[in-house]
Amino acid sequence: MTKFTGWGIASAMLLAAGGAQAADELTLQLKWVTQAQFAGYYVAAEKGFYEEEDLDVTIKPGGPDIAPVQVLLGGGADVMVDWLPSALAARENGAPIVNIAQPFKSSGLMLTCLKEHGIESPADFPGHTLGTWFFGNELPLYSWMSKLGYATDGSEGGVTIQKINFNVDPLLQKQVECATTMTYNEYWQVIDAGLSPEDLVVFKYQDEGIATLEDGLYTTEENLADPAMTDKLVRFVRASMKGWKYAEENPDEAAEIVLENDETGAQTEKHQKRMMGEIAKLTSGSDGTLDPADFTRTVEVLLSAGADPVITKDPGEAAWTHAITDEALK
């Protein structure tokens, strides 16, 4: 029989206490409400991927009254999900934020038109009204019209660009002939309203060369200067990308996990499973590393929009880093 001395017992107790040490806390602020758009993070939490990285991650849903960058800068989150245009606009306005990972490879933005208006190609746009969300979401559309040589003020030979809310009512009520939609959300609202895909013509921004990067992960320059925080960020990105790949391969299960985390009860199984199927197409091909060519294209779209610019100059490589993904993907 092994006998423990008093010192040995004390040492064993200390080791046990060390083994039970609390995981490192980290808070993620989402861009919008709980839905399959953010499935990878909920999956990483549910499947224990964060726990495997010794992380205790809090996921904060967003909403119409929540500005992720304000939460991040105010210390309410360590990382946020945002679209690159709005992140670059915030950076140019003085917010020291940096893209540390890019789970979404492709854009889900598109223009959906009612076929009855005779629009079959961009050549048919003149004389029509195109509805779009603003707050930076309108810039790819303005850039596209600029590339096509169409005025956007409703003058002869051009188009009228009309600001719309984040729904498809103006399209359904025929206040506009085309409207901004997401492949995974508003497009299906049109379908659920009783129209069929054959009633519609869609123009995906990704196919038109005007796509901007969506749903990247951002933190502050201050966080990146802190070795302890960068270590947490590396583990967070590694676990999150594991969550995203699992979600891609198991879309129905991922949608169910999202539903379990929807405290509002507003989401439906049908919509979330359909959304997850579309989201998987956008994250496919990404290991989390930002492609500099995609970054450059986004900047070029923003600078060539012709509308009130959200950025006036190329922010360069200071706006993104591979330091976190390089370490996370070793």
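**A strand pairing and the fold around it**

In this predicted model, Cys 113 stands opposite Cys 178, a residue of strand E8. Strands of a sheet pair through backbone hydrogen bonds, in either a parallel or an antiparallel sense.

The side chains of E8 are divided between two directions. Cys 178, Thr 180 and Met 182 point one way, while Ala 179 and Thr 181 point the other way. Residues on both sides of E8 are buried. Because five of the five residues in E8, 178-182, are buried, the strand is largely enclosed by the rest of the structure.

Phe 125 is one of the residues that touch the most other members of the largest nonpolar core, which has 95 residues; the others are Tyr 41, Leu 111, Leu 217, Phe 236 and Met 276. Helix H11 supplies the largest share of this core, nine residues. In soluble globular proteins, nonpolar side chains tend to be buried together.

Aromatic residues can be followed separately. The whole structure holds 13 aromatic pairs. In one of them, the ring centres of Phe 49 and Tyr 246 are 6.2 Å apart with planes at 65°, so the pair is edge-to-face. This pair links distant parts of the chain, as Phe 49 lies in helix H3 (residues 49-52) and Tyr 246 in H11 (residues 227-249), 197 residues apart. Phe 49 is buried, with a relative accessible area of 9%. Tyr 41 and Phe 236 also belong to one aromatic cluster, together with Tyr 50, Phe 104 and Trp 244.

Another part of the fold is an open sheet of five strands in the order E2-E1-E3-E10-E4, with mixed pairing. Its edge strands, E2 (55-60) and E4 (97-101), each pair on one side only. On average, and ignoring direction, neighbouring strands of this sheet are turned by 35° against each other. Strand E1, residues 24-29, pairs with E2 in the parallel sense over six bridges, and within this pairing Leu 26 stands opposite Val 57. Helix H5 (residues 84-92) lies across E3, E4 and E10, running at about 145° to E4.

Helix H5 is also among the elements that cover the buried residues of helix H14, as are helices H6 (139-148) and H9 (205-208). The buried residues of H14 include Asp 294, Phe 295, Arg 297 and Thr 298. H14 itself comprises 12 residues, 292-303, and reaches 16 Å from its first C-alpha to its last, close to the 16 Å expected.

The chain as a whole contains 15 helices and 10 strands. Its C-alpha atoms fill a box of roughly 95 × 45 × 35 Å along the principal axes. Of the 330 residues, 51% are buried. Among contacts between residues at least 6 apart in sequence, 79% join residues at least 24 apart.

Conventions. Residues are numbered from 1 along each chain as its sequence is written. This is a predicted model: local features need pLDDT of at least 70, side-chain atom pairs count only at pLDDT 80 or more; totals for chains, interfaces and linings use all residues. Side-chain values use heavy atoms; hydrogens and water are left out. Buried means under 20% relative accessible area, exposed over 50%, partly exposed in between (1.4 Å probe, protein chains only). Helices (H or I, at least four residues) and strands (E, at least two) are DSSP runs, numbered from the N terminus. Two strands pair if DSSP finds at least two bridges between them. Axes are lines fitted to C-alpha atoms, for helices over the stretch in contact, and angles run from 0 to 180 degrees between N-to-C directions. Contact means heavy atoms within 4.5 Å. Rings of Phe, Tyr and Trp (its six-membered ring) pair if their centres lie within 6.5 Å; planes under 30 degrees apart count as stacked, over 60 as edge-to-face and the rest as tilted. A nonpolar core is a set of buried Ala, Val, Leu, Ile, Met, Phe, Trp, Tyr and Cys residues joined through side-chain atoms within 4.5 Å. The expected span of a helix is 1.5 Å times one less than its number of residues.
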